Amino acid sequence: LLDGFGNPLRHQDWGYISDKDQLAVPSLMVDTWYDYGVGYSVQLNQKIADSGVPNHLLIAPGTHCDTGGPFAYGFVGDVPVAQSGSLDFDQIYLNFMNHHLRGDKNFELPAFQAYLLKEDRWLKTEQWPPASAEEQTFYLDGTALLAAKNDGKSQRSFLSDPMSPVPTLGGAICCTGDPQSRSGPLHQNGIEGRDDLLVYTSDPLQNVLRIVGSVSAKLFVSTDVPDTDIVVRLTDVAPDGTSTMIQEGALRLRYRDGFANPVMMDSGVIYEFEVKLRDIAYSIAQGHRLRAHIAGSSFPGLARNLNGGGDPNRETEPFIANIRVHSGQEQPSSITVFTLPE
């Protein structure tokens, strides 16, 4: 992007909050699990907390610009939402303002209040993820998601063609102008048979798995193009095979070392990097399975990468990327979540 004088605009020129900023105003932020910025809301809330001022973050089960809608509809995406869980958001806003502007002492709100999908209850906690949450890692192995690292090694590959991208099915999309474009946690079975999408599935869960907090994927990948995209998605697979999105994230691999340091890839070299998925609070029932997707695109939710390594705003020639995902003892590709016990 350029300014009015033709000079490049840097990220810091936009006035976003940086690590050097200190905040002094009490805050109440309200977001939803399927808003594209929910992860940034969590980071900003932590920044405010670090500044030592009162702060509150409330995360509802909705989509972008639709905080209370799921309680009225009875669902978000393809996931049911109990209407009984609805909050009087206007009253919460008013109470917050009265407390800080008028000195009203009758105000109670935790630092975090987050809706736990599939259990239809609000989690109230003073930190995120909750103090009782524990990290749990699932390792990619063949077509499986394993709770323990495998001693061997395996690899799977797929071709990512920007002229035939994996279609977007739900997630944190908004404002497309297309009435057929639905957002939120949708069923993913319609894309799981594609050759350009890898699927890894766990055994049936012996206990309820409550995922609460950030989700990340550590991947070891090689390819034959200088740049490509990796899309990672978690789904909840019911006993009847229905695969419902939990959360997703993506990374353009030239930015694997950060947006300030774009670096192209060498053909055939294995690179280790992290893909951050958006935060979530979602309960997977006993007997269901956890599934991970790995793909090279999600269009039109994400702009296509033409895979040539050129200027994303100007390149026109598409290249098919041969993407290889490595796993095992030496390249332990994995998914890490925070889980909440009973």
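**Close-up views of a predicted model**

**View 1. Strand 7 and the second largest pocket.** Strand 7 gives the most to the lining of the second largest pocket, with 4 residues. This is a predicted model, in which local features need pLDDT of at least 70, side-chain atom pairs count only at pLDDT 80 or more, and totals for chains, interfaces and linings use all residues. Residues are numbered from 1 along each chain as its sequence is written, and side-chain values use heavy atoms, with hydrogens and water left out. Strands (E, at least two residues) and helices (H or I, at least four) are DSSP runs, numbered from the N terminus. On a 1 Å grid over the protein atoms alone, a pocket is an open set of points where a 1.4 Å probe fits, with protein on both sides within 12 Å along at least five of seven lines; lining residues have an atom within 4 Å of a point. The second largest pocket holds about 380 Å³ of space, taken as the space filled by probe spheres set on the points, which are joined across faces, edges and corners. Its lining counts 22 residues, and Gln136, Phe138, Leu205, Asn207 and Leu209 lie nearest the centre. Strand 7 (134-141), strand 8 (144-146) and strand 11 each supply at least two lining residues. By type, the lining has 11 nonpolar, 6 polar and 5 charged residues. Here Ala, Val, Leu, Ile, Met, Phe, Trp, Tyr, Cys and Pro count as nonpolar, Asp, Glu, Lys and Arg as charged, and the others, Gly among them, as polar.

**View 2. Strands 11 and 14.** Strand 11 (residues 209-223) pairs with strand 14 in the antiparallel sense over 12 bridges; pairing requires at least two DSSP bridges between two strands. Valine 215 has leucine 277 of strand 14 as its bridge partner. Buried means under 20% relative accessible area, exposed over 50%, and partly exposed in between (1.4 Å probe, protein chains only).

**View 3. Helix 3.** The 14 residues of helix 3 (89-102) reach 19 Å from first C-alpha to last, close to the 20 Å expected at 1.5 Å a residue. That expected span is 1.5 Å times one less than the number of residues. Phe89, Ile92, Phe96 and Asn98 are buried. The buried residues of helix 3 pack against strand 1 (27-34), strand 2 (55-63) and helix 2 (69-73), with contact meaning heavy atoms within 4.5 Å. Glycine 103 follows helix 3 and has a positive phi, near 75 degrees.

**View 4. Prolines in loops.** The peptide bond from tryptophan 128 to proline 129 is cis, with omega near -5 degrees. Proline 129 sits in the loop between strand 6 (121-125) and strand 7. The bond from phenylalanine 299 to proline 300 is also cis, with omega near 15 degrees. Proline 300 belongs to the loop between strand 15 (289-295) and strand 16 (321-328). Proline 167 lies between strand 9 (153-160) and strand 10 (197-201), in a loop. Leaving aside residues up to four places away in sequence, proline 167 touches Ile191, Arg194 and Phe299. Its relative accessibility is 32%, so proline 167 counts as partly exposed.

**View 5. Positive phi outside glycine.** Cysteine 65 has a positive phi of about 60 degrees. The loop between strand 2 and helix 2 holds cysteine 65, which is exposed at 72% relative accessibility. Aspartate 120 also has a positive phi, near 50 degrees.
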